[in-house]
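Here is a protein chain to explore with its sequence and structure side by side. Keep the view open as you read, and look for each residue when its name comes up.

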Amino acid sequence: QVQLVESGGGLVQPGGSLRLSCAASGSFFSIYAMVWYLQHPGKQRELVAYIPSGGNTNYADSVKGRFTISRDNAKNTVSLQMNSLKPEDTAVYYCYADVARTASSTRLRYWGQGTQVTVSS
C-alpha cells in the first residue's frame, strides 16, 4: 500500500499564506505525477496544480501567480505554497499521486485524506 498524508491546512485571513505538504510512504518503485486538487461540498474535485516527474508545473487559471507547486523526489513529498489567499480558495485540498509499485507494474492512483483550508476574516 501507498499512503499520502497532507498537512499544513488551517484558518488564514485573506491575503495570507499557507504551505500545504504531502508525504508519500509505503512500498513503491516510483512516483510519476503529483497533483493537488480541491473540492467544495457537493462538487467534483478540481485540479489546482500538478507536477510530473520531469518537474514542469501546471496550474489552474484561478491560482496562477499565487500558488506554487514543488516536489522533493528524495523525500517523496509535494508541496503547495499558497500566497495572497482569497475567501474563494476555501476548500478541502487533496494530494494525489500516480505511483508504480514495481518497475514493471501498472501505475496506480492514490489519494490523501484531504486537509481543510479556510480563508476568512
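Ser25 has a relative accessibility of 34%, so this residue counts as partly exposed, since that value falls between the 20% limit for buried and the 50% limit for exposed. Before you go on, please keep in mind that this is a predicted model. You can find Ser25 in strand E3. Which residues does Ser25 touch, leaving aside its neighbours within four places in sequence? They are Gln1, Val2 and Gln3. Take Gln3 as an example: in sequence, Ser25 and Gln3 are 22 residues apart, yet their C-alpha atoms are 5.3 Å apart in space.

A disulfide is a covalent bond between the sulfur atoms of two cysteines. In this pair, the sulfur atoms of Cys22 and Cys95 are 2.1 Å apart. Is the disulfide left-handed or right-handed? The torsion about the S-S bond of Cys22 and Cys95 is about -80°, so the disulfide is left-handed. Cys22 and Cys95 are both buried, and a search of the whole structure finds one disulfide.

Now let us turn to the interior. In soluble globular proteins, nonpolar side chains tend to be buried together. Here, the largest nonpolar core has 31 residues. The residues with the most contacts inside this core are Trp36, Val48, Phe67, Val78, Leu80, Met82 and Tyr93. Several strands give two or more residues to the core, among them E1 (2-7), E4 (30-39), E5 (46-51) and E8 (77-82). Which element gives the most? That is E9, with five residues.

Tyr37 sits in strand E4 and Tyr96 in strand E9, 59 residues apart. Tyr96 also pairs with Trp111, and with planes at 55° that pair is tilted. Trp111 belongs to strand E10 (residues 107-111), 15 residues from Tyr96. Here are the two pairs together:

| Ring pair | Distance between centres | Angle between planes |
|---|---|---|
| Tyr96 and Trp111 | 4.9 Å | 55° |

Through these ring pairs, Tyr37, Tyr96 and Trp111 are linked into a cluster. Are its members buried or exposed? Tyr37 and Tyr96 are buried, and the relative accessible area of Tyr96 is 8%. Trp111, at 37% relative accessibility, counts as partly exposed.

Arg45 lies over the face of Tyr94, 3.6 Å from the ring centre. Arg107 lies over the face of Tyr32, at 3.5 Å from the ring centre.

Note on methods:
Residues are numbered from 1 along each chain as its sequence is written. This is a predicted model: local features need pLDDT of at least 70, side-chain atom pairs count only at pLDDT 80 or more; totals for chains, interfaces and linings use all residues. Side-chain values use heavy atoms; hydrogens and water are left out. A disulfide is a pair of cysteine sulfur atoms within 2.5 Å. Buried means under 20% relative accessible area, exposed over 50%, partly exposed in between (1.4 Å probe, protein chains only). A nonpolar core is a set of buried Ala, Val, Leu, Ile, Met, Phe, Trp, Tyr and Cys residues joined through side-chain atoms within 4.5 Å. Helices (H or I, at least four residues) and strands (E, at least two) are DSSP runs, numbered from the N terminus. Rings of Phe, Tyr and Trp (its six-membered ring) pair if their centres lie within 6.5 Å; planes under 30 degrees apart count as stacked, over 60 as edge-to-face and the rest as tilted. A charge sits over a ring if NZ of Lys or CZ of Arg is within 6 Å of the ring centre and within 35 degrees of the ring normal. Contact means heavy atoms within 4.5 Å.
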